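Please keep the sequence and the three-dimensional view at hand while reading.

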Amino acid sequence: MKVLIIGGGGREHAIALCMSKSRRVEKLYCVPGNAGIAQIAECEPSIGVMEFDRIAAYAKEKEVDLVFVAPDDPLAGGLVDVLKAEGLRVFGPEKKAAILESSKAFSKDLMKKYHIPTAAYENFNDPEAALKYLETAKMPIVLKADGLALGKGVLICNTLEEARAGVKEIMQEKHFGNAGNVLVAEEFLTGREVSVLAFVDGRTVRTMTSAQDHKRAWDNDQGPNTGGMGCFSPSPFYTEEIDDFCREKIFQPTVDAMAAEGREFKGVIFFGLMLTPEGPRVLEYNARFGDPETQVVLCRMKNDILDVVDACIDGTLDEITLEFDENAAVCVVLASEGYPVSYQKGYEITGLDRFEGRDDFYCFHAGTRQNAEGKFVTNGGRVLGVTARGSDLKEAREKAYKAAEWVSFANKYMRHDIGSAIDEAQASWQKTGA
């Protein structure tokens, strides 16, 4: 088969690598791709992910058998619908289903209607009404831009003054563009965050192994929200008991609710969960693979990804059993100093050759390109996702940080506490005798 992947980040590099290992894939294409993806796929950097007609024409020109739409914006914009209308076979939710991510107000209302556990909330399309509500709201409070904001449209406000400033930032100053036309004011939940990715065929849910992302830019979860500074899998906090609860109360009910609303979901649902003292609650849904969760999850999956994708499209996912290696993976993101606010690009990257021929180390490209001399240079805020597998989380983390030192570029920055929760879990188990 010929497969075209849409996207150009670390997530897409991980998907492309997984696809390249499929016994059924003959040729890989990627739009627009990046310098790392170009090592295993034919990339077309001149086409953007929102140029739907050009993507359709390119897919037909290359006679691809499958288009895999990975990023949120084209999914929300209806790329899957456009490609299907052109007679192409596509993996990813249609626009009416991708609303699960593209509108937080929609997803919160869906959860309320179908009794899926989540934080208490109110939706506002008028800033004055939001400000009035905040006068009597309990602090801290979480303010979210309704639409897509590259994973950054969430503000945790500890005081009324911060909350007022948050309404101004989201709804009046439009820091997140039109994503802030509607604001979701949400109860602040405490607990451990866990991400669970799941393949869905409209009826059946097949969950992947758990993971935990680190969103804040700086160590100790300080600084602004980013697209993700690192990740580990599996989460030691996601127990069998919690999994049973989520399957019964969250995963299947969400898929059933979307079907009941006439929005059949086929693709990947990312369940962002908070493990509160009262039980798991849904923080957010994504209508696609997460980044950098994909980097630590797919490298542990034993199935041929193409078999699973076909089952999602054809509605036969109930015939698939997902299998994952009994090991662990940790991803450390190497970013450009100053990300996510402002940063310089174009610095030469060295040390990438250290990863060649390894099956326990990966270097997923996110913001890279090759210059006129053929050298790899930085081309974004998040540059690389250095990922390592180990027999357990501790070993995987040690290997990931060791490998992170192999790579050099002028304004390299990374967090040094990715996976610190592993130590907390260890201490907790020893304290309880578990």
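## A loop residue and its contacts

Asn303 is located in the loop between α10 (293-297) and α11 (305-314). Helices (H or I, at least four residues) and strands (E, at least two) are DSSP runs, numbered from the N terminus. The model is a predicted one: local features need pLDDT of at least 70, side-chain atom pairs count only at pLDDT 80 or more, and totals for chains, interfaces and linings use all residues. Residues are numbered from 1 along each chain as its sequence is written, and side-chain values use heavy atoms, with hydrogens and water left out.

Is Asn303 buried or exposed? Asn303 counts as buried because its relative accessibility is 18%; buried means under 20% relative accessible area, exposed over 50%, and partly exposed in between (1.4 Å probe, protein chains only). A polar atom of the Asn303 side chain lies 2.6 Å from the backbone nitrogen of Glu323. Such a polar contact is a pair of N or O atoms within 3.5 Å; within protein, one must be able to donate a hydrogen and the other to accept it, and residues adjacent in sequence count only if both atoms are side-chain atoms. Leaving aside residues up to four places away in sequence, Asn303 touches Val308, Ile320, Thr321, Leu322 and Glu323, where contact means heavy atoms within 4.5 Å.

One of these partners, Ile320, sits in the loop between α11 and β17 (328-336). With a relative accessibility of 16%, Ile320 counts as buried. Beyond residues up to four places away in sequence, the partners of Ile320 are Arg206, Asn303, Asp307, Val308 and Ala311. Ile320 and Lys345 are 25 residues apart in sequence, and their C-alpha atoms are 43 Å apart in space.

## Helix α11

Why is α11 described as largely enclosed by the rest of the structure? The reason is that eight of its 10 residues are buried. The buried residues of α11 are Ile305, Leu306, Val308, Val309, Asp310, Ala311, Cys312 and Ile313. They pack against several elements, among them the strands β1 (2-7), β10 (192-201) and β15 (266-276), and also the helix α1 (10-20).

After α11 comes Gly315, whose phi is positive, near 75 degrees.

The helix α1 contains His13. His13 is buried, with a relative accessible area of 8%. Not counting residues up to four places away in sequence, His13 touches Gly36, Ile37, Ile40, Cys363, Phe364 and His365.

## Backbone exceptions

Most residues other than glycine have a negative phi, and most peptide bonds are trans. The table lists places where the model departs from this pattern.

| Feature | Residues | Angle |
|---|---|---|
| cis peptide bond | Val31 and Pro32 | omega about -5 degrees |
| cis peptide bond | Met139 and Pro140 | omega about -5 degrees |
| positive phi, not a glycine | His115 | phi about 60 degrees |
| positive phi, not a glycine | Lys174 | phi about 55 degrees |

Pro32 belongs to strand β2 (residues 27-32), whereas Pro140 is in the loop between α7 (127-134) and β7 (141-145). His115 is placed in the loop between α6 (104-113) and β6 (121-124), and it counts as exposed at 69% relative accessibility. Lys174 lies in the loop between α8 (160-172) and β9 (183-187); at 31% relative accessibility, Lys174 counts as partly exposed.

## The protein as a whole

The protein has 13 helices and 22 strands. Its radius of gyration is 21 Å, close to the 22 Å that the globule rule gives for 434 residues, so the protein is as compact as a globular protein of that length. This radius is taken over C-alpha atoms, and the globule rule is 2.2 Å times the number of residues to the power 0.38. Along the principal axes, the C-alpha atoms fill a box of roughly 60 × 50 × 45 Å.

Of the 434 residues, 59% count as buried. Among contacts with a separation of 6 or more, 68% join residues 24 or more positions apart.
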